[in-house]
Amino acid sequence: MRKIISLIHLSLNGFTSGPNDELDWIAYDHELEQDAHSLHVLTDAVIWGRRTYEGMASYWLTVPGNPASTPAELEHARFLDAATKIVVSRTLERVAWNNAQNTVLIKDHIAEEINAIKQQPGKDIWFLGSPMLARTFMELDLIDEYRININPTILGEGKALFAGVTRSFPLKLLASKTFQSGVVALRYEPDRSAK
């Protein structure tokens, strides 16, 4: 069965963004970029909420035609173009990525729809960003691996990743790594044997 791998950046005090969705505090550099792009070989689909999808589309669809794009940006743009884009949104009527057919829009019955996709053949699925949707996925026990990059930053205010998560669930540490930027990357999987 395919796994859902969530990758998210957090401040040291647990925020995914500033109060107005600011992300400029994330210590994203070449080393972290390479680490994130290591998911290209493991995954062939991405999951986003509406806001993340719209942000991704507005940026990554411009990368191939931009002469200033780096080789890593071009590689990620090619990955996203080829990957199945799964967007969870009650407000969107359709999802189009360069008019590609490899898009899926989920409006209702999230657990059933996602579990059906996990049963399909293919590589794992990269859940990228989308902190509000991540909380829903946590509540529904749909995330199979958590990759959390803890940034050496305290945000005075922001949007907390775990705010509103009411289900308790233990995690098992798979790996940890410290980057030169001071970011600590943690990999966990749910310990479902503890149920």
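This is a predicted model: local features need pLDDT of at least 70, side-chain atom pairs count only at pLDDT 80 or more; totals for chains, interfaces and linings use all residues.
The largest cavity has a volume of about 40 Å³. Which residues line the largest cavity? They are Ser6, Ile8, Ala134, Met138, Ile143, Tyr146, Arg147, Ile148 and Leu161. Strand 1, helix 5 and strand 7 each give two or more residues to that lining. Strand 7 gives the most, with three residues.

Now the open space. The largest pocket holds about 1,300 Å³. Its lining counts 37 residues. Nearest its centre lie Thr52, Leu128, Gly129, Ser130 and Pro131. Several elements supply at least two lining residues each: strand 1, strand 2 (15–17), helix 1 (30–37), helix 2, strand 6 and helix 5. Which element gives the most to the lining of the largest pocket? Helix 2 does, with seven residues.

So, on to helix 2. This helix runs over residues 50–60. Its buried residues are Thr52, Tyr53, Met56, Ala57 and Trp60. Why do they sit on the same side of helix 2? Because they cover an arc of only 130° around the axis. Here is the general rule behind that. An α-helix has 3.6 residues a turn, so residues three or four places apart point the same way. Back to our helix. The buried residues of helix 2 pack against strand 3, helix 3 (71–82), strand 4 and strand 6.

Helix 3 brings us to a histidine. His76 has its place in helix 3. Is His76 buried or exposed? His76 has a relative accessible area of 5%. The cut-off for buried is under 20%, so His76 counts as buried. Its side chain makes a polar contact with the side chain of His40, at 2.8 Å. Leaving out residues up to four places away in sequence, His76 touches His37, His40, Trp60 and Trp126.

Next, the nonpolar cores. In soluble globular proteins, nonpolar side chains tend to be buried together. Here, the largest nonpolar core has 24 residues. Ile47, Ile86, Ile114 and Phe137 touch the most other members. Two or more residues each come from strand 1 (4–11), strand 3 (43–49), strand 4 (84–88), helix 4 (110–119), strand 6 (124–128), helix 5 (131–139) and strand 7 (145–151). Helix 5 gives the most, with four residues. Take Phe137. Setting aside neighbours within four places in sequence, Phe137 is in contact with Ile4, Ile47, Val88, Ile110, Ile114, Phe127, Leu142 and Ile143. There is also a second, separate core of 21 residues, which includes Met56, Ala57, Leu92 and Val95.

Last stop, helix 4. Ile110, Ile114, Ile117 and Lys118 are buried there. They span an arc of only 100° around the axis, which puts them on the same side of helix 4. Which residues are exposed on the other side of helix 4? Glu112 and Gln119 are. The cover over the buried residues includes strand 1, strand 3, strand 4, strand 5 (103–106), strand 6 and helix 5. Ile110 and Ile114 also turn up among the contacts of Phe137.

Conventions:
Residues are numbered from 1 along each chain as its sequence is written. Side-chain values use heavy atoms; hydrogens and water are left out. A nonpolar core is a set of buried Ala, Val, Leu, Ile, Met, Phe, Trp, Tyr and Cys residues joined through side-chain atoms within 4.5 Å. Buried means under 20% relative accessible area, exposed over 50%, partly exposed in between (1.4 Å probe, protein chains only). Contact means heavy atoms within 4.5 Å. The arc is that of the directions from the helix axis to the C-beta atoms. A polar contact is a pair of N or O atoms within 3.5 Å; within protein, one must be able to donate a hydrogen and the other to accept it, and residues adjacent in sequence count only if both atoms are side-chain atoms. On a 1 Å grid over the protein atoms alone, a cavity is a set of points where a 1.4 Å probe fits but cannot get out, and a pocket is an open set with protein on both sides within 12 Å along at least five of seven lines; lining residues have an atom within 4 Å of a point. Grid points are joined across faces, edges and corners, and a volume is the space filled by probe spheres set on the points.
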